[in-house]
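Open your viewer and have the selection tool ready. Each stop tells you what to pick and what is there.

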Amino acid sequence: MLKLADSYATTHMFARYGVSGFIDDVTAPGDGEVGIEYYPSGQLGSARDIVNLAQAGSLEITPAAPAYLADQLPLSSVTDLPGLEEDSCVAAAAYTDVLSEDGILYQEEYEPRGLRPLFVAVIPSYEIMTVSTPVTSPQDVPGLTIRSSGGAMDANIEALGGAPVSMTAADAYEALSRSTVDGISFPFASVTPYRLEEVLHHSTKGANMGSFAVPYVIAEEAWQDLSPAQQERITTATEAATDRLCAGIMEDNPASEQLMRDAGVEFTELTEEQKAEFATALDPMREQWAKGFDDAGRPGTEILTAYEDALARHQDEGVDEADASTTAQTTTDEEG
């Protein structure tokens with residue numbers, strides 16, 4: 001029996017699209033069946049602390065969000081850099097590549113800590129959302145305190161002149177309500193699960209501040225205790241969970257945006273010129289992030305390059321698949 005614990009409510013998209021189906025697939029009767037006990041909603045610890053329980057052997061499967069674990073997984077926050085991928089499925093596929101057994105991130109950060117990545121979620125297209133001050137350009141950000149998920153997102157906010165305040169998503173509502181922060185850096189899809197549309201009044205659209213990635217991991221010792229059939233069952237289930245998650249995130253993002261609009265949040269839909277202003281301020285952060293690790297003797301540039309190459313590869317695959325679909329549709333229409 002494996003214990004799976006996270007900090008997300010069972011209504012959260014990570015649970016609905018990822019964890020729920022993963023558990024169903026793994027526990028279904030048959031060859032390689034594995035029992036799982038599920039502890040959602042932070043029952044066994046916070047998002048920052050829970051991975052330590054897996055490393056200590058108190059549970060087996062948990063999320064390991066690099067943004068919350070900058071002291072343990074700093075290089076893994078490469079996904080959080082600005083101006084990269086806005087498609088969750090492309091980003092998840094690329095991140096899965098660098099987290100695989102022969103991937104550089106697995107070898108650098110997860111394997112040494114006794115953790116093996118399973119399924120992955122990437123929430124792209126972070127925006128700046130505020131209570132009182134609308135943001136229409138980078139010049140509006142200096143002087144604002146902005147909630148950050150931590151890691152690379154802190155540097156992204158600082159690049160615009162804002163003051164990042166690192167906290168988990170679950171703490172954002174209270175921080176906004178009490179004016180502990182002026183705003184948040186968040187994707188649309190994560191706003192409504194925490195009811196933040198109730199306290200927000202303004203949001204950018206098109207800033208592409210970065211992303212938030214969450215690999216669910218299993219303790220390596222627990223993995224090695226599984227039979228080959230059980231390992232195969234879990235591997236198949238993780239692939240399906242990653243696919244469901246990215247599709248669900250891409251569906252939830254516009255749905256959540258509409259709910260925000262219905263709640264009265266005013267959007268600044270950035271023009272191409274305004275997007276270019278944000279890009280001018282934010283794009284250098286990728287190279288600066290990599291150089292900072294290089295200077296410290298860590299493979300920052302190598303990891304950024306590996307992730308960008310994986311993104312390009314999966315973007316091309318997506319184009320090929322779309323072309324193939326169009327061709328198939330055209331052929332069908334002609335035959336009909």
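Predicted model: local features only at pLDDT ≥ 70, side-chain atom pairs only at ≥ 80, totals over all residues.

Residues are numbered from 1 along each chain as its sequence is written, and side-chain values use heavy atoms, leaving out hydrogens and water.

**Stop 1: the loop**

Select Thr168. It sits in the loop between β7 (163–166) and α6 (172–177). Helices (H or I, at least four residues) and strands (E, at least two) are DSSP runs, numbered from the N terminus. Is Thr168 buried or exposed? Thr168 counts as buried because its relative accessibility is 13%; buried means under 20% relative accessible area, with a 1.4 Å probe and protein chains only.

Contact means heavy atoms within 4.5 Å.

**Stop 2: the helix α9**

Select residues 228–262, helix α9. The end C-alpha atoms of α9 are 50 Å apart, which agrees with the 51 Å its 35 residues should span at 1.5 Å a residue. The expected span is 1.5 Å times one less than the number of residues. Just after α9, Gly264 takes a positive phi of about 105 degrees.

**Stop 3: the helix pair**

Which residues of α3 meet α9? Ser88, Cys89, Ala92 and Thr96 do, and their partners in α9 are Thr242, Cys246, Ala247, Ile249 and Met250.

Notes. Buried < 20%, exposed > 50% of the residue type's maximum accessible area, 1.4 Å probe, protein only.
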